[in-house]
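Dear colleague,

I am passing on the structure we spoke about, and I would be glad if you could look through it alongside the notes below.

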Amino acid sequence: MRKPFIAPLTLLMLSLLLACGQPVAVMAAARRQTNYEFVNGRWFDSRKFVARKFYTVGGRLTSSKPARVDSVIDLAGKFIVPPFGEAHNHNVEWNGEEGFARTKRMYLEAGVFYVKNPNNLPRARAPLLARINIPTSIDVVFANGGLTATGGHPLGVVRRNLERGGMTQADAEGAFYFTIDNPMDLARKWAAIEAGRPDFIKTYLQYSEEYAKRKNDDSYIDWRALDPALLPAIVRRAHRAGLRVSTHVETATDVHNALVAGVDEINHMPGFRPEKGDWAKYQDSSRYKISETDARLAARKHVVVVTTLVSAIDRALEKKEGEAGVSDAVRELLVHNLQTLRKHNVRVAIGSDSYRQTSQVEALNLHRLKVFDNLTLLKMWCETTAWTIFPKRKIGHLREGYEASFLVLSADPLQDFTNVRKIDMRVKQGEILSLEK
Ligand SMILES: [Zn+2]
């Protein structure tokens, strides 16, 4: 029974030996990158488009001419922007070679190079590691299993998958989620959470103003989550481990509890989905309205709020016969929350949480809602979103020494935001991407 393990072990030792010796240097030399000179482009400088020249050397942007220029590319007056990001989507997961190729292509086509997956099965991440975070693919970070209470969200997702055969019991506790009901649970399970090497920690708050009322009531299964009193201790542990914390919210009280606990990112805007799917509940929307005080607190703490409003905006702008009142109530709530965040300069990132799509649909829907002007939207999508996915990388700006990753648009997105779809060329870490079928 032990024999089959010898071969992979020998391979591992061999690759470790190779990694320490000369063969690596030989490989690097064989993969020498092309140095490009990009002329006649108009480059986004965070405020406007500026005619200038850039070179790409070693995967970075520079304005100094390198000793060797391998190729000159004429951008013909087009508009260069940093790549877009998707701050909330669960669709980057292993679903076979073809499935992943389709997902990758969908993102690269939309110009979305950076993706954050805020709750995934560890086994759906492992096979991806060799296929992502390389110049020719998308760059992705994963939370692994989220932290919630017994019977809390995302248990509903797991139950549906158990019924359909998409998951087994081994994918539940300790894989897709960790239940933390008290400080002992946290102390006992933290080692396993960290051992899974998450890129960040995902936590859940859900109607936390009714935590006590909901925690033992079966009618609230999947519509409850962590005891908000436990969140500060989770945040402290995560920060000690160098991990940022994202928190799922549903109500304004959840937002408040997340902020005082010290989380780094709030996922969803209150109003993104009504309780148990009933949009009419937003006709009394007071419990979903973010307060001025909390918006100020979020700004002061540099907390990022991730939108995920695709379907809520669809609902708000829908003109259903006899249901205009519901649409208007949803619209009023969304506009109130977004305006409150804008007024206090809270960092807003674009995430769709839309499994079959990318953040492109979220960005275009936010544009339809008309709360943000084109410049603000573009900066949210290119800068804030990239930052909240990879806060330590030099991405999101077209500046000296930053990663040579950008999109060439055939028309000006500041004039018409929908021009973000007109992508003529994609460059990632100094490589021109070709999206062959
Ligand atoms: Zn989600």
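This is a predicted model: local features need pLDDT of at least 70, side-chain atom pairs count only at pLDDT 80 or more; totals for chains, interfaces and linings use all residues.

I would begin with strand β17, which covers residues 423-428 and has five of its six residues buried, so that the strand is largely enclosed by the rest of the structure. Strand β16 (residues 406-409) runs antiparallel to β17 and is joined to it by four bridges, and within this pairing Leu 407 has Arg 426 of β17 as its bridge partner. Strand β18 (residues 431-432) is also antiparallel to β17, to which two bridges join it, with Lys 428 standing opposite Glu 431 of β18.

Between β6 and β7 (residues 112-117) the parallel pairing extends over three bridges, and here Phe 84 is found opposite Val 112 of β7.

Turning to the aromatic residues, the model contains 15 aromatic pairs by the rule applied. One of them is the edge-to-face pair of Tyr 282 and Tyr 288, whose ring centres are 4.9 Å apart and whose planes stand at 85° to each other; both Tyr 282 and Tyr 288 are buried. Another is the tilted pair of Trp 381 and Phe 417, with 6.4 Å from centre to centre and 40° between the planes. This pair links distant parts of the chain, since Trp 381 belongs to helix α14 (residues 374-389) whereas Phe 417 lies in the loop between β16 and β17, 36 residues apart, and Trp 381 and Phe 417 are both buried.

There is also an aromatic cluster, formed by Tyr 36, Phe 38, Trp 43, Phe 54 and Phe 406. Over the ring of Phe 54, at 3.8 Å from its centre, sits the charged end of Arg 52. A further contact of this kind involves Lys 116, whose charged end sits over the ring of Phe 200 at 4.5 Å from the ring centre.

With best regards

Notes. Residues are numbered from 1 along each chain as its sequence is written. Side-chain values use heavy atoms; hydrogens and water are left out. Buried means under 20% relative accessible area, exposed over 50%, partly exposed in between (1.4 Å probe, protein chains only). Two strands pair if DSSP finds at least two bridges between them. Rings of Phe, Tyr and Trp (its six-membered ring) pair if their centres lie within 6.5 Å; planes under 30 degrees apart count as stacked, over 60 as edge-to-face and the rest as tilted. A charge sits over a ring if NZ of Lys or CZ of Arg is within 6 Å of the ring centre and within 35 degrees of the ring normal.
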